[in-house]
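Hi everyone, thanks for coming. Let's take a look at the structure on the screen and walk through it together.

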Amino acid sequence: MSDWEVVIGLEIHAQLATRSKIFSGASTAYGAAPNTQACAVDLGLPGVLPVLNAEAVRMAVKFGLAVEAQIAPRSVFARKNYFYPDLPKGYQISQYELPVVAHGHLNIDLEDGGTKRVGITRAHLEEDAGKSLHEDYHGMTGIDLNRAGVPLLEIVSEPDLRSAREAVAYAKKIHALVRYLEICDGNMQEGSFRCDVNVSLRPRGASGYGTRTETKNLNSFRFLERAVLYEVERQREVLESGGRVVQETRLYDSARNETRSMRGKEEAHDYRYFPDPDLLPLEIDAGFVESVRATLPELPDAKRLRFEDQYGLSPYDASVLTATRELADYYEAAAAACGGEGKLAANWVMGELAGALNKAGLDITASPVSAERLAGLLRRIADGTISGKIAKQVFEAMWEGGEEADRVIEARGLRQITDTAAIETIIDRVLADNPTQLEQYRAGKDKLFGFFVGQVMKACQGKANPAQVNELLKRKLAG
Amino acid sequence: MALESGEVEKIAHLARIAIRAEDVSEYRRHLSRILEFVAQMNAVDTHGVDPIAHPLDAVQRLRPDEVTEVDQRERFQAIAPQVDAGLYLVPKVIE
């Protein structure tokens, strides 16, 4: 088997979170009744004129700044011509030769702990098409044009990615970024974030590129990964059996986990782009760019480094906690409110809280235990009022009952026993009740220490301070 | 720069225009003349001239991001050949 290098580039369509469409005043709200948000401009009726949405431009610039790209002082909209019933005008308004954003980059984390800089060739503004519904409508296809004219930012990477995992890491990073920037809701089920992936193989060490295929409309990271793996294997088999890869568009079928050629559409890929005479060149001046720059939030990479530094977190913990802006905000609120116990807060947010949210299928923003309440619990762990083990019980009660930690602790008498005399009394009783084990321990069976700890904790319902129990028990056992 | 008959047929297909076989040579001649005109312009020295994307010397105006359109589906669908359940119906499209 030859040694092939995989070459991957991604085109990501991020739906911009504007209220109205890119060229019309129709609403972009998801889930409306069919065609109730498709106005004359979206339908391409005669005599209409598209007028560009300022917010879509602002969002594109925001993205460009976040990936350290060049913002074009002058960019041009072009018509991309093709015929499909969900494209009422017979062309999509897009950008071709002069996109609004060019030459950016993003660093992704590799599995070996290193990072890789991925080039972003360009990002351009365009309108989405409508939706074709192929269920049977009297043997016809139904068309819903609510999505027609919704603003998209198409983000095109350089062919810098070398494996399915790198492709997924890059896509996830872009996904996190557009959500941090609040320019896209990132909802993949609703199609707000979709990927097309270009894949080709070349003999390792070669400098040219092999023939590529493009697999379209991948709406989950798992499908992206599977589609790449499938396509790599398929192309390898073609090449190793002496065949040639055909440049074509393919569709990923998740039910069968395979990609299939979209035969017959190839000839139509002569889009005959030309500048749209309905739209004048878009000019963006330095003042506007600076006003957008001033609104940039702290970006994921910077936040991650700050978390490591400020809260003493490991790179892994910091990357988990900065995965979304909402999670990072929750964590910071909890860490601040519990008196800077950063590591303790991290363990709880990533452990008990994440587990409970996951089990309940809830997002961090819908957590029944607020950051302030969680901090209230963490304060009681930090000041020794309760042990970590008891804290889990308290957390459960807070999750179920929505009460504050202090109330749960008082109401259930869960306050930790730190009174030495009280703990000693319990230890004495345990030792008296287990004479055989005591004899064995003193004869050298050290393993029994754990048994005694267990018995003491059981006798006090877990409320004794574990460190004190260990210390006092050792002393008593020594005789 | 003369077009081949095959190119005329391809252009017609891309534009979804049906043309009669006996008219192909006529279209070939007309379209070729347009290309000749473009070739003539191509020959002009445009060194130092910025390309224009639009004949008007103006820039795009932007509109604020506000929903200004109301639902007029009934009116639009009144002139559609066929509708059902709020959808426009078209001959079956299979990808």
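Okay, let's start with chain B: of its 95 residues, 21% count as buried, where buried means under 20% relative accessible area, exposed means over 50%, and partly exposed lies in between, using a 1.4 Å probe and protein chains only. Before going on, a bit of housekeeping: this is a predicted model, where local features need pLDDT of at least 70 and side-chain atom pairs count only at pLDDT 80 or more, while totals for chains, interfaces and linings use all residues. Residues are numbered from 1 along each chain as its sequence is written, chains are lettered from A and ligands numbered from 1 in the order in which they are written, and side-chain values use heavy atoms, with hydrogens and water left out.

Back to chain B. It has three helices and three strands; those are DSSP runs, H or I of at least four residues for helices and E of at least two for strands, numbered from the N terminus. Along the sequence, chain B goes α-α-β-α-β-β. Its radius of gyration is 22 Å, well over the 12 Å that the globule rule gives for 95 residues, so chain B is more spread out than a compact globule. That radius is taken over C-alpha atoms, and the rule is 2.2 Å times the number of residues to the power 0.38. The C-alpha trace of chain B spans about 55 × 45 × 25 Å along its principal axes.

Gln60(B), Arg63(B) and Asp65(B) supply 19% of what chain B buries against chain A, more than any other three residues.

The chains also share strand pairing. Strand S10 of chain A, residues 140-144, pairs with strand S3 of chain B, residues 87-91, in the antiparallel sense over four bridges. Two strands pair if DSSP finds at least two bridges between them. In that pairing, Thr141(A) stands opposite Val90(B). Within chain A, S10(A) is joined by four bridges to strand S9, residues 131-137, again antiparallel, and Ser132(A) stands opposite Ile143(A). S9(A) and S10(A) form a hairpin with two residues between them, and His138(A) in the turn has a positive phi of about 50°. Five of the five residues of S10(A) are buried, so this strand is largely enclosed by the rest of the structure.

Now for chain A as a whole. It is divided into domain 1 (4-292), domain 2 (300-411) and domain 3 (420-477), with bounds from an automatic or database domain assignment. The centres of domain 1 and domain 3 of chain A, taken over C-alpha atoms, are 65 Å apart.

You'll find Ile284(A) in the loop between strand S17 (282-283) and helix H5 (286-293) of chain A. Leaving aside neighbours within four places in sequence, Ile284(A) has contacts including Val57(A), Val61(A), Ile71(A) and Pro73(A).

Terms used:
Contact means heavy atoms within 4.5 Å. Buried area is the accessible area (1.4 Å probe) that two parts lose on being put together, summed over both.
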